[in-house]
Amino acid sequence: PLPPPTWRRDRSLAGPRRGRETVANDLVQPSELAYLPGGPFTEGEVDAAVAALRQAVRWHIAPVRSETVTLDVGRYENVLQLPTRKLVSVAEVRSNGVVVDPASYEVSIGLAQVKLAYGYWGAGFGAVDVDLTHGYASVPLDLLPVIAETATSQRLLAVRAPVMDQPAMVGDGVGGQMVWANPNPLTKRAIARYALVCAGFA
C-alpha cells in the first residue's frame with residue numbers, strides 16, 4: 001500500500017523556526033496550573049512543557065487558528081487526512097496551485113478529512129495546499145495535569161543538568177519523547193486523545 005499524505009505547515013503562517021518548528025506558548029499560563037502538584041510553575045517551565053506536549057501530539061491543540069498546510073500526496077489518493085484532531089472548517093483547497101472546486105470534494109469535520117467525489121488528488125511533494133481553521137477554543141482540561149507533570153519533569157531535568165553527561169539537552173526542554181515516556185496511564189490516555197492519528201508526516 002502507498003504511504004498516506006504527509007504535510008508541512010506554510011512557513012509564512014507557522015511562526016519562527018529553530019531546527020524544529022517552534023510556536024509561542026498561547027496554550028496555557030502558569031496561573032492555570034498553580035493548583036496542580038508541582039505548582040507554582042515559572043513561565044519558562046510552562047513554555048517548555050507546552051512545547052514538548054505540542055511536539056508529542058504534532059499539532060498546536062489550542063487556540064483556534066487559521067493556517068495553510070501543504071501536503072505531500074502519493075499516487076491514487078482520493079482522501080486527504082488533515083493534521084488536526086479538531087477541524088473547524090476548510091476554506092480552500094489547491095492542487096498543484098489550482099483552486100479545487102468545492103463542489104468536487106466533501107469535508108468531514110469529525111474525521112478531519114477531505115475526500116474527492118471522483119478521481120484522485122494531484123500526486124507529488126507539496127502537491128496540495130489546504131487553508132483550514134482548527135483547534136480548540138481553549139486548552140482541554142484533561143491536558144492541564146499533563147502539562148503540569150511535564151513542567152515538573154523539566155524542573156527535575158534542569159536540577160540534574162550539572163551532573164548529566166549531556167547537560168546541553170536541557171536547552172530545548174524535555175521534548176516530545178519524554179512526554180510519551182510518562183508512565184502514568186491517565187497521562188498516556190490523555191495524550192493519545194489529542195495526538196494525530198495519521199502517520200507519515202514530513
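In what order do the three strands of the open sheet stand? The order is β5-β9-β8, with antiparallel pairing. Before we look further, note that this is a predicted model, where local features need pLDDT of at least 70, side-chain atom pairs count only at pLDDT 80 or more, and totals for chains, interfaces and linings use all residues. Residues are numbered from 1 along each chain as its sequence is written, and side-chain values use heavy atoms, leaving out hydrogens and water.

Strands here are DSSP runs (E, at least two residues), numbered from the N terminus, and two of them pair if DSSP finds at least two bridges between them. Strands of a sheet pair through backbone hydrogen bonds, either parallel or antiparallel. At the edges of our sheet you will find β5 (79-81) and β8 (105-108), each pairing on one side only. Follow β5 to its partner β9 (residues 113-116): three bridges join the two, which run antiparallel. Across this pairing, Leu 80 stands opposite Val 114 in β9.

Now turn to strand β4 (residues 65-73), where Thr 70 lies. Thr 70 counts as buried because its relative accessibility is 13%, and buried means under 20% relative accessible area (1.4 Å probe, protein chains only). The side chains of Thr 70 and Asp 129 are joined by a polar contact of 2.7 Å; such a contact is a pair of N or O atoms within 3.5 Å, one able to donate a hydrogen and the other to accept it.

How far can you trust the picture? The chain averages a pLDDT of 81, and 74% of the residues score at least 70, on a confidence scale from 0 to 100 for each residue. Over residues 10-20 the pLDDT is below 50. Where pLDDT is low, the predicted coordinates should not be read in detail.

Note on methods: Helix = DSSP H or I, 4+ residues; strand = E, 2+ residues; numbered from the N terminus. Buried < 20%, exposed > 50% of the residue type's maximum accessible area, 1.4 Å probe, protein only. pLDDT = per-residue confidence, 0-100. Contact = heavy atoms within 4.5 Å.
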